[in-house]
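Work through each task before reading its solution.

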Amino acid sequence: MSNDTKSIHEFDFSLICEYFSYTQRQGPGSPESTKRALDFIDNLASFTKIADIGCGTGGQTMTLAKHTTAQILAIDLFPVFIEKFNTNAKTLGLGNRVKGVVGDMKELPFREEEFDLIWSEGAIYNIGFRKGISEWRRYLKKGGYLAITEATWFTEERPDEIHQFWTRDYPEIDTIPTKLAQLQSAGYKAVACFVLPDECWTKHFFEPQDDVQLKFLEKYPNNPSASDLIDNMKYERYLYSKYSMYYGYTFFIGKKL
Ligand code: SAH
């Protein structure tokens with residue numbers, strides 16, 4: 001494995017979507033972390049509307065639904081994920097209050113001050129943290145909450161290999177104090193933040209991909225794009241195992257002032 005693997009942005013989207021439609025999560029996270037973030041939010045029982053942006057197939061959304069009574073509107077750019085999302089919601093008997101729709105986080109079809117809570121796990125990098133928190137703020141009621149996970153550095157310096165990887169994929173990755181300051185200047189009170197534990201990456205993100213990779217190789221033998229994608233995901237896992245002391249996802253919980 002080497003760092004000449006492609007950036008994830010260079011792959012055919014339909015292939016990436018198919019790969020990740022076989023997993024419960026499309027990014028690092030866990031039901032325990034979703035619940036922990038929810039526990040920082042006051043008056044949750046009175047909330048009537050929640051948005052989940054970049055929901056994927058809904059791993060975290062179903063946890064949100066389990067611990068709240070609100071209507072949840074979840075949005076993702078990719079129809080394959082939304083189809084799976086809505087099937088999952090129905091199977092869990094949540095079809096009446098959890099709805100997935102196809103849409104773009106850069107042009108959200110929401111009304112001003114529509115939501116009590118905006119959630120987004122492992123997805124805001126697609127618009128960029130600063131732009132996302134500032135643009136999405138208008139869709140929150142005053143006193144409403146924002147809860148998002150974002151890629152962060154844990155140290156001021158880090159080895160070149162991991163630095164290069166992240167700054168190529170997501171140049172906005174930064175330290176936790178920097179992100180907290182950005183949250184505050186965007187008009188939120190920083191209520192809490194915590195680093196996602198290792199198992200959010202290992203048990204819930206990388207390990208479930210083992211089966212998917214076997215399935216993929218069987219389905220697409222001799223397909224260079226499929227094997228490149230697998231190599232890429234293996235490289236990400238290798239980087240995490242080597243450098244997880246330097247980076248990870250952090251949950252940020254903010255309250256609109
Ligand atoms: N929240 C899920 C998925 C995270 S992966 C989880 O934690 O498991 C990032 C998600 O963002 C993917 O589902 C991807 O399809 C979605 N996404 C990418 N660009 C987007 C955009 N412009 N608008 C909405 N969703 C987008």
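**Exercise 1.** Is K256 buried or exposed? Find its salt-bridge partner and state where the two residues lie.

Solution. The model is predicted, and its accessibilities are computed from it.
- Step 1: The relative accessible area of K256 is 7%. The cut-off for buried is under 20%, so K256 is buried.
- Step 2: K256 pairs with E113 in a salt bridge, with 4.0 Å between the closest N and O atoms.
- Step 3: E113 has a relative accessibility of 44% and counts as partly exposed.

**Exercise 2.** How many residues of β8 are buried, and which strands pair with β8?

Solution. 
- Step 1: Of the ten residues in β8, nine are buried, so the strand is largely enclosed by the rest of the structure.
- Step 2: Strand β5 (residues 140-153) pairs with β8 in the antiparallel sense, over nine bridges. In this pairing, A151 stands opposite Y249 of β8.
- Step 3: Strand β7 (residues 188-195) also runs antiparallel to β8, and seven bridges join them. Here T250 in β8 is the bridge partner of V195.

**Exercise 3.** Which residue meets E18 in a salt bridge, and which helices does the pair link?

Solution. 
- Step 1: The side chain of E18 meets that of K219, at 2.5 Å from N to O.
- Step 2: E18 lies in helix α1 (residues 13-21) and K219 in helix α9 (residues 209-219); the pair links distant parts of the chain, 201 residues apart.
- Step 3: E18 is buried at 15% relative accessibility, whereas K219 is partly exposed at 48%.

**Exercise 4.** Which residue forms a salt bridge with K242, and where do the two residues lie?

Solution. 
- Step 1: The partner of K242 is E161, with an N to O distance of 3.3 Å between the side chains.
- Step 2: Helix α10 (residues 224-243) holds K242 and helix α6 (residues 160-169) holds E161; the pair links distant parts of the chain, 81 residues apart.
- Step 3: K242 is partly exposed, with 39% relative accessibility.

**Exercise 5.** How many salt bridges does a search of the whole structure find, and which residues join into one network with K49?

Solution. 
- Step 1: The search finds twelve salt bridges.
- Step 2: R111 and E114 join K49 in one network, through salt bridges that share partners.

Definitions and conventions. Residues are numbered from 1 along each chain as its sequence is written. This is a predicted model: local features need pLDDT of at least 70, side-chain atom pairs count only at pLDDT 80 or more; totals for chains, interfaces and linings use all residues. Side-chain values use heavy atoms; hydrogens and water are left out. Helices (H or I, at least four residues) and strands (E, at least two) are DSSP runs, numbered from the N terminus. Buried means under 20% relative accessible area, exposed over 50%, partly exposed in between (1.4 Å probe, protein chains only). Two strands pair if DSSP finds at least two bridges between them.
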